[in-house]
Amino acid sequence: MNVIAPEPVAADLSALAARFRRVLAPECVVTDAVARKPFETDAQTMHRQMPGIVVLPETVAQVAAVLKLCRDFGVPVVPRGAGTGLSGGATPVPGGVLLAMTKFNRILGIDYANRCVVAQPGVTNLGITKAVEDDGFYYAPDPSSQIACTIGGNVAQNSGGVHCLKYGLTVNNILGVELVTMDGEVLRIGGKYLDPEHYDLLSIITGSEGLLGVITEVTVRILPKPETVRALLVSFDSIEAGGACVADVIASGIIPAGMEMMDRITIDAVEEYCAPGYPADAAAILICELDGPAAEVDYLIERVTAIATRNGAIGVRASRSEEERLLFWLGRKSAFPAAAKMKPDYYVLDGTIPRNKLAPVLARIGEMSRASGLTIANVFHVGDGNLHPLILYDANVPGEMEAAEHLGHDILRLCVSVGGVLTGEHGVGTEKRDLMPEMFTDLDMQQQQRLKCAFDPGQHLNPGKVFPTLHRCAELGAMHVHRGRTAFPELPRF
Amino acid sequence: MLWLVQCGKTRSYRGMTSTYKPTDEKELAELISWASAEARPLELVGSGTKRGLGCPVAINGHGTPARVDLSGIAGVVFYEPEELVISVRPGTPLEQVNRMLAERNQMLAFEPLDWGWLLAGESKPGTIGGAISVGSSGPRRVKAGAARDFVLGAHAVNGRGECFKSGGRVVKNVTGYDLHKLMTGAYGTLGAFTEITLKVLPAPEKTYTLLIHGLKPERAVEALTVAANSPFEVSGLAHVPAAEAARSQVSYVGQADRAITAIRVEGHGVSVTHRMEELKKLLAPFGPLDELHSMNSRRFWSEMRDAWLLPPDHQMVWRVSVPPTNGAAVVAASGADSWLMDWAGGLVWLGYESAAPGQAARIRAAMTEGGHALLVRAPDYVRREEAVFQPQAEGLAKLSARVKAGFDPSSIFNPGRMGAVSLPGAA
């Protein structure tokens with residue numbers, strides 16, 4: 001599937017490339033078709049587009065110069081981190097500029113006294129933890145791609161992970177950014193302190209999917225590593241029982257570090273793939289991880305065990321060693337590659353629903369799967385209601401990819417209809433762009449787009465993402481109010 | 001002739017600012033559409049308890065804006081304790097929200113301040129809409145996060161009179177821009193909330209506090225850093241000099257006759273006991289230790305939260321957010337007559353007996369590693385003239401103005417409240 005760019009790029013790309021070469025090293029301006037090829041997609045591989053020029057700047061000044069040139073040439077520019085995003089947020093605009101931030105890969109400062117790290121955006125998520133773990137610290141958000149995904153991409157996507165239940169998303173774990181706007185202006189927002197200075201711009205830059213500016217530096221909070229981490233592996237003979245157990249755990253005042261659930265199809269797939277030794281008789285298994293001070297973890301393991309038993313668990317195992325805990329996780333962490341063994345392709349969804357809607361939604365997903373003839377494996381962050389149904393398909397079978405996409409969209413509509421949302425952590429990008437009206441009215445989206453216009457009035461930065469309808473900023477800024485035809489006529493004038 | 005509208009009834013008053021009291025989103029949207037068309041500035045208030053915070057709403061000699069009283073748009077939309085979520089209308093009293101949550105052993109974990117103590121000398125918690133609009137976070141900020149981290153979604157009316165929403169009711173959500181988080185702490189200059197959905201958390205079973213006596217500020221920050229960098233999940237890190245500690249109603253603090261460094265440990269009983277023991281071992285080198293339990297502990301942290309320990313007759317009070325290691329230096333350079341330190345040094349409250357030229361400059365010059373100095377108590381004439389908010393770099397200030405215009409193009413909401421006074425229609 002190709003996503004149509006909002007406007008064809010009409011500019012003279014060779015002239016633009018020549019201008020880029022005046023500010024960037026020659027090898028940092030890529031125009032060769034073969035060399036551009038790897039940039040045609042991010043991890044949302046259903047969407048591919050060839051960028052016209054790929055640039056790999058090395059300094060903030062170069063980023064600013066590239067953006068200003070793109071603005072002056074009227075050429076759209078798409079920022080990219082490691083390209084691990086799952087929603088097509090870094091899908092190039094055909095013939096546009098792709099701005100890869102991979103050369104910004106240094107940690108600029110570690111400040112234990114203020115519990116933060118200052119990093120360039122191309123540093124990997126895990127790279128931050130690696131830099132501080134010997135001193136007993138870590139960076140909490142842990143998207144499954146953490147070995148490869150970059151912190152700049154995490155900020156753009158407001159990435160989550162399995163431990164968001166207790167530690168929050170990226171937005172809850174960063175303190176400041178340096179951002180370059182489309183005008184080439186370098187802005188510093190926040191720093192090593194906690195109160196925002198004025199409007200809390202950091203909270204909307206995080207998760208803005210590369211539409212507001214290009215991140216050139218990030219200050220993240222780091223946390224002391226917990227004293228102990230243990231996990232429970234609980235099996236249930238129904239998803240409903242598992243869901244009820246999760247609700248009871250939270251209602252009893254316990255916030256585990258993570259709660260992950262898998263259905264029978266996924267259990268079979270991972271047993272086949274890596275044999276983690278999950279119970280053979282379970283309709284669903286729950287991994288409940290508890291971290292913190294040793295005394296607390298041991299106490300909570302007991303309490304969660306009791307709650308699980310009360311909810312009809314057919315098996316409960318508590319990890320007694322780090323090896324055993326990692327074994328519990330092995331199956332969960334292998335769920336995606338295991339699914340890939342079942343069919344050549346899979347499409348991963350990311351809707352979030354209120355926890356108490358879990359059982360009916362999963363039942364409905366089962367019906368939809370049977371009706372479509374496409375198998376769906378369910379792995380999900382059950383603690384925060386974030387579902388990741390994996391729709392298995394074969395792209396070589398004509399029509400199957402489209403059917404998978406169609407089914408996926410229906411599932412996301414279902415999530416929204418029960419009070420949930422389209423995306424819990426993967427972002428809207430191109431993938432869910434056209435579903436935005438399921439959740440938002442035109443007015444809702446226009447208000448969001450006005451924010452975009454405040455940062456990028458020419459709309460050159462990552463166009464065609466997030467918003468299904470492009471409005472010109474001038475149009476959005478116009479006041480459609482006619483004097484004399486005022487509402488609220490019963491109110492007196494003053 | 002001026003007018004007052006209350007509960008849908010129109011009555012006339014002489015010599016008063018006109019006030020409108022819409023009772024639902026529709027009435028509010030109609031009122032704002034009209035004000036927008038007429039370019040009439042509006043002051044948005046809940047119960048009005050935080051009008052003394054930020055800059056006074058002003059329209060440069062063009063009279064007083066009409067007031068929109070949002071306390072009529074009140075009530076709980078839904079509260080689902082097992083989902084850790086509550087949705088309320090903005091005029092709902094904060095006390096009512098806190099009480100409802102407490103009945104189910106839950107809480108607003110960001111500890112919204114009772115600004116009444118600083119601004120009016122008495123408890124005036126105001127409305128939830130007000131608490132979110134000023135966006136201030138209490139001592140638990142270091143562990144639990146900021147006010148905006150708990151705002152999951154909102155419905156609001158923009159300066160065009162259009163109703164919009166953002167976010168949702170689930171914690172994990174990256175669909176669209178988090179306008180509700182941007183509006184948190186925006187002092188009602190971007191939009192008028194009509195519904196706010198908040199994440200809530202279980203209230204701790206136990207709240208203990210470890211006290212260290214007699215430390216100097218620099219040494220206190222060292223001790224607090226040791227605690228903050230330990231794996232013992234502390235949720236409060238404060239230091240109070242002797243004179244301010246003497247004002248505490250908690251006898252262990254009030255009668256200590258020495259500076260107090262306080263570390264809060266909350267959670268399940270066995271865990272709290274264990275962590276207190278471990279922290280005592282870690283902090284033994286800093287001097288004699290003491291403990292506060294239950295009521296005393298909770299009382300002390302509410303005194304910290306509301307800066308209640310600052311002398312009430314000190315006219316000027318600043319709230320300064322800096323990198324924690326910069327806190328003691330800011331205190332030393334500030335020349336303040338009274339002060340408190342929270343967030344392991346990252347939050348400094350400074351009190352001065354009276355306004356004096358150069359105070360703001362002196363504080364801001366001491367913030368060598370960035371931060372935000374907010375003037376939170378001052379006579380009105382000072383609030384009108386002083387840079388109440390931290391002055392922004394030019395590029396950011398312009399961006400903020402464009403963001404504001406995207407929500408409120410005619411600048412009708414709370415003009416001047418966050419600084420720059422702009423008249424609707426003025427160049």
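## A strand pair in chain A

Let's start with two strands of chain A: β17 (residues 376-381) and β18 (residues 386-393) run antiparallel and are joined by 6 bridges. Within this pairing, A:His381 sits opposite A:Asn386 of β18(A). Please keep in mind that this is a predicted model.

Both strands belong to an open sheet of 7 strands in chain A, with antiparallel pairing and the order β15-β12-β14-β13-β17-β18-β16. The edges are taken by β15 (315-318) and β16 (345-348) of chain A, and each has a single partner strand, so one side of each has no neighbour in the sheet. On average, and ignoring direction, neighbouring strands of this sheet are turned by 15° against each other.

## Chain A as a whole

Zooming out, chain A contains 17 helices and 18 strands. Its radius of gyration is 24 Å, close to the 23 Å that the globule rule gives for 494 residues, so chain A is as compact as a globular protein of that length. The C-alpha trace of chain A spans about 65 × 65 × 55 Å along its principal axes. Of the 494 residues in chain A, 56% are buried. Among contacts in chain A between residues at least 6 apart in sequence, 73% join residues at least 24 apart.

Chain A is divided into domain 1 (13-100), domain 2 (107-224), domain 3 (228-336) and domain 4 (343-427). The centres of domain 2 and domain 4 of chain A, taken over C-alpha atoms, are separated by 29 Å. These two domains do touch: 8 residues of domain 2 of chain A are in contact with 6 residues of domain 4 of chain A. On the domain 2 side of that contact there are 4 nonpolar, 3 polar and 1 charged residues.

## Chain B as a whole

Chain B has 15 helices and 20 strands. For its 427 residues, a compact globule would have a radius of gyration near 22 Å, and the 22 Å of chain B agrees with this. Along the principal axes, the C-alpha atoms of chain B fill a box of roughly 65 × 55 × 40 Å. Buried residues account for 60% of the 427 residues in chain B. Of the contacts in chain B with a separation of 6 or more, 72% are between residues 24 or more positions apart.

## Two backbone angles to check

Most residues other than glycine have a negative phi. Two residues of chain B are worth a look here. B:Trp343, which is not a glycine, has a positive phi of about 50°. B:Trp343 lies in the loop between β18 (338-342) and β19 (347-352) of chain B, and it counts as buried because 25 C-beta neighbours lie inside 10 Å.

B:Ser411 also has a positive phi, near 55°. This serine, B:Ser411, is found in the segment after α15 (394-407) of chain B. With 24 other C-beta atoms within 10 Å, B:Ser411 is buried.

## Where the chains meet

Finally, the interface: 79 residues of chain A are in contact with 85 residues of chain B. On the chain A side, α7 (202-205), α8 (239-251), α10 (294-310), α15 (436-439) and α16 (442-455) each supply at least two residues. The helix that gives the most to this side is α16(A), with 8 residues. By class, the side of chain A that touches chain B has 37 nonpolar, 27 polar and 15 charged residues.

Terms used:
Residues are numbered from 1 along each chain as its sequence is written. Chains are lettered from A and ligands numbered from 1 in the order in which they are written. This is a predicted model: local features need pLDDT of at least 70, side-chain atom pairs count only at pLDDT 80 or more; totals for chains, interfaces and linings use all residues. Two residues are in contact if their C-beta atoms, placed from the backbone, lie within 7 Å. Helices (H or I, at least four residues) and strands (E, at least two) are DSSP runs, numbered from the N terminus. Ala, Val, Leu, Ile, Met, Phe, Trp, Tyr, Cys and Pro count as nonpolar, Asp, Glu, Lys and Arg as charged, and the others, Gly among them, as polar. Domain bounds come from an automatic or database domain assignment. The radius of gyration is taken over C-alpha atoms; the globule rule is 2.2 Å times the number of residues to the power 0.38. A residue is buried if 20 or more other C-beta atoms lie within 10 Å of its own, exposed if 12 or fewer, and partly exposed in between; C-beta atoms are placed from the backbone. Two strands pair if DSSP finds at least two bridges between them. Axes are lines fitted to C-alpha atoms, for helices over the stretch in contact, and angles run from 0 to 180 degrees between N-to-C directions.
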